[in-house]
Amino acid sequence: MEKNLEFPDLLRLIDERSTAFRAAVASAPSLDAQVPTCPEWTLFDLVKHLGGGDRFWAAIVGAGPADAPPAEATAARAALEVPREREALLAWLAASTQLLLSALREAGPDAGCWAWWSALQTPRTSGGVARHRVQESAVHTYDAQLAAGAPQPLPAEVALDGVEEFLFTCVATPSAWPHKPTAFDFQTAEGHSWRLTVDGDGARSTRIPAPTAATGEDSDAAGASIHGTASELVLYLYDRIPADSLHVDGDAGLLDLLRAWEPEE
């Protein structure tokens with residue numbers, strides 16, 4: 001079974017996706033271009049969001065273990081002011097990413113910190129932050145490319161980790177599933193698969209072998225099986241593309257229930 005990306009790889013990918021994001025912004029006709037996947041935002045708003053997020057998480061990692069984000073970091077994000085001129089804005093974003101990377105390097109992968117997610121499957125550590133920021137940067141790079149008129153699939157290295165990262169971070173919960181227990185299989189064209197189980201104990205995911213005719217695996221074990229490239233699955237999970245962009249076996253209506261589910265904290 002595949003291994004998680006190492007901490008240095010996560011830092012490299014944050015840097016690479018930030019660079020690709022800035023390239024998309026630099027090529028766009030205007031900072032006022034609308035972002036189709038974030039319909040209330042312009043490209044300028046998207047840059048402010050990503051750079052502000054980098055600075056916010058840099059402060060969180062730097063603060064160490066806590067029950068809440070540092071008050072000064074929250075206040076700074078709320079009062080964030082950024083340059084309006086494109087070249088200065090891109091320089092600000094580059095500096096924001098470097099602040100995050102410096103904080104992560106100084107902390108190392110195992111340092112504790114506050115995080116909004118349940119610790120059920122993703123640790124509340126700088127390593128957990130780094131893994132999630134790769135995906136934030138990657139998906140928003142896709143958003144920026146779309147606004148610039150040249151969307152590209154997420155790089156395979158990013159996307160293959162991204163399916164699991166989303167399931168472990170954004171879906172895992174001890175809150176009871178309010179419907180009949182079931183499971184969702186997410187299967188990539190690249191050969192990696194995960195099962196999301198939802199029941200009275202909440203939601204949790206695990207890696208599973210990719211199904212083949214030779215394994216004799218029971219294809220009816222999951223209520224719904226979702227097939228696509230890793231990039232397509234990540235973009236679907238982040239609500240960038242619709243379910244009909246993928247191949248779904250089983251009860252497609254279960255995906256609507258999963259999308260609408262709002263677990264209690």
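Partly exposed here means a relative accessible area between the 20% limit for buried and the 50% limit for exposed. Keep that scale in mind while touring this predicted model.

**Stop 1: the cysteines**

Select C170. Its relative accessible area is 32%, so C170 is partly exposed. Now select C38. At 10% relative accessible area, C38 is buried. How many disulfides are there? The count is zero. C38 takes part in none, and its nearest cysteine sulfur, on C170, lies 15 Å away. C170 is likewise in no disulfide; the sulfur of C38 is the nearest cysteine sulfur to it, at 15 Å. A disulfide would need the two sulfur atoms within 2.5 Å.

**Stop 2: helices α1 and α4**

Select residues 7-27 for α1 and residues 86-107 for α4. Their axes come within 10 Å and cross at roughly 175°. The pair is therefore roughly antiparallel, since the angle is over the cut-off of 145 degrees.

Next, show side chains at the contact. From α1, pick F7, L11, I14, D15, S18, F21, R22, V25 and A26. From α4, pick R86, L90, L93, A94, T97, Q98, L100, L101, L104 and R105. Color by class: this contact has twelve nonpolar, three polar and four charged residues.

**Stop 3: the loop at D239**

Move to the loop between α7 (230-237) and β5 (247-250), and select D239 there. Check its backbone. Phi at D239 is positive, about 65°, although the residue is not a glycine. Is D239 buried or exposed? With a relative accessible area of 54%, D239 is exposed.

Key:
Residues are numbered from 1 along each chain as its sequence is written. This is a predicted model: local features need pLDDT of at least 70, side-chain atom pairs count only at pLDDT 80 or more; totals for chains, interfaces and linings use all residues. Side-chain values use heavy atoms; hydrogens and water are left out. Axes are lines fitted to C-alpha atoms, for helices over the stretch in contact, and angles run from 0 to 180 degrees between N-to-C directions. Helices (H or I, at least four residues) and strands (E, at least two) are DSSP runs, numbered from the N terminus. Angles under 35 degrees count as roughly parallel, over 145 as roughly antiparallel, 65 to 115 as roughly perpendicular and the rest as oblique. Contact means heavy atoms within 4.5 Å. Ala, Val, Leu, Ile, Met, Phe, Trp, Tyr, Cys and Pro count as nonpolar, Asp, Glu, Lys and Arg as charged, and the others, Gly among them, as polar. Buried means under 20% relative accessible area, exposed over 50%, partly exposed in between (1.4 Å probe, protein chains only).
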